[in-house]
Amino acid sequence: MVGCAAIAVEPLAHSTLASAASHGLYGDADAHGAGPGRLALDSSVVRMPIDVRGNLVYLRGRVNASDSLWIVLDSGAAADVINASRARELGLSIAEGGEAHGSGGAAEAGRVRGATVNLPGVALDGAPLTTLSLDDIGARTGRDLDAILGYPLLSRCVVEIDYAAGTLTIREGDHYHYAGGGTVLPLEFKERLPYVRARITLPGRAPIDGRFVIDTGSGNAIILAAPFVREQRVLEAVPKTIQVRNRGVGGGTQNLLARVSSLTLGGIRLDAPTATLRVSDVGHIAASGASGNIGGDVLRRFKVIFDYPRRRMILEPNARLADPFEADMSGLGVRAGPGETRAFLVEWIQPSSPAEESGFAPGDLIERVDGTPSAELGLPAWREMCRRPGETHRLGILRGEAHLEIAFTTRRML
């Protein structure tokens, strides 16, 4: 099983690698429930740089003797994953025939045994790798997604993600002692995924306590599961929603984006976070009975310490704690374009958005943004631009064989 790994691109086209029940992909757990494999550190404390893009934690690493790969650290992944196309390129032996059930439904999966994943100063040897197709998600993030590291690494050590400083620290767990002043939250594990107790407050309602997956592989703030949305009558409480499209393991889904009044974690209150509301039972983002998941747009406001050996998570607020939660303000759902162009391909136009009002159309290729080639700007920088209100941008697009220039001005739609 590859569990609840949510690789979120943006509300218009966020992709969720969520798998709830794969068959024969884990391997037998050891006495500590960590599964096969061995973790080796060069020293008791290893620190390495991270690149946070779209609220996802990217690392540079290798699989066996590969060239440097982009690897996402995902607390919502119950198994380690390698992109199927990358595994074939590296000549890895793949046992086919598995199945992963993700946020969009079922997907083919395979298994690679005996591989070694290397990070700077860290080696995870012998933990099986699940193969899944990640190329489509990479096209939406604007960066190759070669592999995902989840529970097999996190269960063997203490991992500290310092979003503000851009560093990841891995410590041996046996003698770890926390002496800081952060908020300590107990973790519950189900199917190798970490759950915390948190409180959601809907407009005009009493607070609701629930269990949420802590998911560093989701760039969103909150995703609420479809049963929770129905049982709590969320759509009746929120004043406004906008349509969103999501894609993950097993295919795509259409959902809604809204704001809730607050999210409270261990006494830390975050006001007006955005929440993706699942409106279909297709796919899976959390165990039955759970409320949903909490992702990177919340976690980036902290230094996050995962101490799986002691079943706890520690949050130390950083300077971004009070930052407002923003959503896309363009209405353009884009991905990397075909071939080597690296232009932005418009896949979808949000109704009643600046993009629709300005005359964009699905299939448009965005070649330039304010005079800068799209390939030079990159999708992560583009998406940051589209989360700032009141900015006018002029886009050079290719529509069929015609070159056009279209301007639009960003505005909050939620």
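Is F189 buried, exposed or partly exposed? F189 is partly exposed, at 23% relative accessible area (buried is under 20%, exposed over 50%, partly exposed in between, with a 1.4 Å probe and protein chains only).

## What you're looking at

This is a predicted model, so local features need pLDDT of at least 70 and side-chain atom pairs count only at pLDDT 80 or more, while totals for chains, interfaces and linings use all residues. Residues are numbered from 1 along each chain as its sequence is written, and side-chain values use heavy atoms, with hydrogens and water left out.

The protein has nine helices and 34 strands (DSSP runs numbered from the N terminus: H or I of at least four residues for helices, E of at least two for strands). Of its 414 residues, 59% are buried. Take the contacts (heavy atoms within 4.5 Å) with a separation of 6 or more: 67% of them join residues 24 or more positions apart.

## Rings around Y308

There are eight aromatic pairs in the structure (Phe, Tyr or six-membered Trp rings with centres within 6.5 Å; planes under 30 degrees apart are stacked, over 60 edge-to-face, the rest tilted). One of them is the tilted pair of Y151 and Y308, 6.0 Å centre to centre with 45° between the planes. That pair bridges 157 residues, from helix α3 (residues 151-154) to the loop between β27 (302-307) and β28 (312-317). Both partners are tucked away: Y151 is buried at 10%, and Y308 is buried at 5%.

Ring pairs join Y151, F189, F306 and Y308 into a cluster.

## W70 and its arginines

R60 is 3.9 Å from the ring centre, and the charged end of R143 is 3.7 Å from it.

## Loop residues

T216 belongs to the loop between β19 (208-214) and β20 (222-224), and is buried at 1% relative accessibility. A polar atom of its side chain lies 2.8 Å from the backbone nitrogen of S75. Leaving out residues up to four places away in sequence, T216 touches several others, including L73, D74, I161 and F306.

Most residues other than glycine have a negative phi. N64 has a positive one near 55°, in the loop between β5 (56-63) and β6 (69-73). S352 has a positive phi of about 55° too, and S352 counts as exposed at 52%.

Key:
Polar contact = N/O pair within 3.5 Å; in protein donor to acceptor, adjacent residues only side chain to side chain. Lys NZ or Arg CZ within 6 Å of the ring centre and 35° of its normal.
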